[in-house]
Amino acid sequence: MVRMADDDFERLVDEVFDGLPDDMVRPLENVAILIADQPPGARPRLYGLYSGHPLTRRGVYGFGELPDRITLFRNNLEASCETVEQLRARVRITLVHEIGHYFGLDDARLQELGWA
């Protein structure tokens, strides 16, 4: 298990996000990336969760709309990795997976693309 200080984990997420391809992140609009711990005993255990309205089902996005959210579950991410390099890779896969949901891709398609 990898355990990082809060600031170090946030910096790792920022670095991973900044390293994603521009054509993937440039179209993101009104999306907040949050870091939280998934409550103990919650099932299924998740690395991340997209909450919002995917582009494929979005109507008019009006003024005052709350942002969509991508939540990274730090406790599950850290528990699944033995090294910082593994954690960095898992965070990248998780971010890409949840961004895929923003674009309207389902889990089956993300699996086909290798991002599940």
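At 43% relative accessibility, Arg11 is partly exposed (buried means under 20% relative accessible area, exposed over 50%, partly exposed in between, with a 1.4 Å probe and protein chains only). The model is predicted: local features need pLDDT of at least 70, side-chain atom pairs count only at pLDDT 80 or more, and totals for chains, interfaces and linings use all residues. Residues are numbered from 1 along each chain as its sequence is written, and side-chain values use heavy atoms, leaving out hydrogens and water.

**Salt bridges**

- Arg11 meets Asp8 in a salt bridge (2.7 Å, N to O), a term for a side-chain nitrogen of Lys or Arg within 4 Å of a carboxyl oxygen of Asp or Glu.
- Both residues lie in helix H1, 3 residues apart (helices are DSSP runs of H or I with at least four residues, strands runs of E with at least two, numbered from the N terminus).
- The structure holds 6 salt bridges.
- Arg3, Asp6, Arg74 and Glu78 are linked in a network of them.
- In the pair of Arg3 and Glu78, the closest N and O atoms are 2.8 Å apart.
- Arg3 is exposed at 60% relative accessible area, whereas Glu78 is buried at 1%.

**Nonpolar core**

- The largest nonpolar core has 21 residues (such a core is a set of buried Ala, Val, Leu, Ile, Met, Phe, Trp, Tyr and Cys residues joined through side-chain atoms within 4.5 Å).
- Helix H4 gives the most to this core, with 6 residues.
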